[in-house]
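Please look over the following notes with the structure open beside you.

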Amino acid sequence: MSLDWTLIGPALTILGLLCLSAFFSGSETSLTATSRARMLQMERDKNPAAARVNVLISDGESLLGAILLGNNLVNIAASMIAGQLFESLLGGNSVLWATLVMTILVLVFAEVLPKTYALSNPERFALVVSRPILFVVRVFSPVVGTVQFVVRNVLRLFGARVEGPVLSSHDELRGAIALHHEEGGVVKDDRDMLGGVLDLRDLTVDDIMVHRKSILMLDADKPSEEIVTEALHSPHTRLPIYKGDAENIIGILHVRDIARALHEADGNASVIDISALRREAWFVPETTEVLDQLNAFREKREHFALVVDEYGALMGLVTLEDILEEIVGAIEDEHDVTVEGIQPDTEGVWLVDGTLPIRDLNRALDWELPDEEAVTIAGLVIHEAQTIPERGQVFGFHGARFEVVERRRNQITRLRVSVSPDDVVTNGG
């Protein structure tokens with residue numbers, strides 16, 4: 001049987017087209033899987049290939065359109081030539097055999113093989129193909145632009161959203177952090193710290209402030225020696241001082257100023273002029289974003305602000321330390337009064353203070369209780385129950401079980417919490 005040289009040309013053409021198809025398939029996978037952060041860093045290091053990759057992935061729609069157009073063109077061309085080749089060889093059965101053989105060749109050598117390699121080496125592959133793919137994108141840009149116009153209008157007819165990213169950059173960062181934590185690349189403490197930084201823009205000062213019920217304030221009408229004694233025995237360095245009514249804050253006393261004045265008075269607190277030591281109080285709205293408050297603290301070089309509502313009523317106070325604790329967790333020094341907000345009860349069960357912020361419980365137990373409608377655990381239970389529960393009542397929601405252990409007047413002061421697969425509500429005695 002002699003070799004028919006007229007078949008060599010079509011066979012080599014099919015082989016070349018399959019190589020082009022593999023090139024387009026691998027390029028698509030590598031350019032969509034490569035790390036944009038890594039490419040930006042390489043571009044800053046003066047890598048021209050990385051700069052081309054960043055140009056390509058910055059317009060993902062045009063990139064994908066050009067690659068798909070090129071891939072379809074070469075696959076269709078290869079299939080047509082294969083059909084003619086098999087017709088000259090087999091005659092009537094050519095269509096079936098051409099379809100079968102080309103499907104196997106395209107699937108194995110033009111799709112699975114290049115995409116598998118590209119997934120394993122996305123950055124290396126993307127850097128190599130960046131120049132030819134950029135050329136393809138520019139050549140096909142008129143056709144791709146027309147296709148994009150048609151596609152967008154068709155999608156709009158069906159009410160589909162075609163503008164803007166699905167996820168914000170913050171959401172993408174959160175997802176990346178969570179993924180690396182699950183894979184073991186980021187430990188829990190680091191994950192919580194990184195998440196705390198991202199959360200600053202989503203929180204307002206009323207989410208992290210010390211409630212007014214927990215604020216230690218000084219009465220300006222008391223004798224100066226009593227005020228000095230209270231201030232020096234306080235665990236805090238900055239204390240609001242009021243006159244007449246607790247809502248009438250007239251300033252802030254700093255323990256350092258009191259200590260200096262006491263030293264100058266040779267320890268005689270009765271001769272200290274408290275009004276001369278007062279610093280001006282700084283009031284901020286409860287709707288202030290935590291990130292904005294952090295920047296304000298830095299600009300004013302202050303560590304302490306009082307929080308008021310829209311009517312000017314005192315709601316609480318916020319400090320620089322409160323904001324930092326949202327990032328790094330609880331900060332305690334030798335002068336802090338430690339309050340056990342969470343303590344183990346039995347296996348998988350914890351006793352929790354009602355005033356404990358939901359965010360702190362989530363961080364400590366690695367839970368995901370919602371904090372949109374309430375700030376504290378007690379507030380969450382009241383919101384979900386739509387009533388003020390009695391002692392002994394048990395509630396189940398969001399995959400957790402809450403038992404009211406203590407209640408004072410209308411305030412839930414202590415709860416027993418645990419993981420619960422079922423959301424149930426029962427009445428206690």
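1. A search of the whole structure finds one cavity of 30 Å³ or more, where a cavity is a set of points on a 1 Å grid over the protein atoms alone at which a 1.4 Å probe fits but cannot get out. The model is predicted, so that local features need pLDDT of at least 70 and side-chain atom pairs count only at pLDDT 80 or more, while totals for chains, interfaces and linings use all residues. Residues are numbered from 1 along each chain as its sequence is written, and side-chain values use heavy atoms, with hydrogens and water left out.

2. The largest cavity holds about 60 Å³ of space, and its lining (residues with an atom within 4 Å of a point) consists of L203, D207, P357, I358, R359, D371, A374 and V375. By class, this lining has five nonpolar, no polar and three charged residues.

3. Helix α1 (residues 8-33) packs against helix α5 (residues 94-120) at an angle of about 35 degrees, with the axes 8 Å apart. The contact of α1 with α5 has twelve nonpolar, five polar and three charged residues.

4. Three strands form an open sheet with mixed pairing, in the order β2-β3-β4, where strands pair if DSSP finds at least two bridges between them. The edge strands, each pairing on one side only, are β2 (218-219) and β4 (245-254). Strand β3 (residues 238-243) runs antiparallel to β4 and is joined to it by six bridges, with P240 standing opposite I252 in β4.

Definitions and conventions. Axes fitted to C-alpha atoms, helices over the stretch in contact; angles between N-to-C directions. Helix = DSSP H or I, 4+ residues; strand = E, 2+ residues; numbered from the N terminus. Nonpolar A, V, L, I, M, F, W, Y, C, P; charged D, E, K, R; others polar. 1 Å grid on protein atoms, 1.4 Å probe; cavity = no way out; pocket = protein on both sides within 12 Å on 5 of 7 lines; lining within 4 Å. Points joined across faces, edges and corners; volume = space filled by probe spheres on them.
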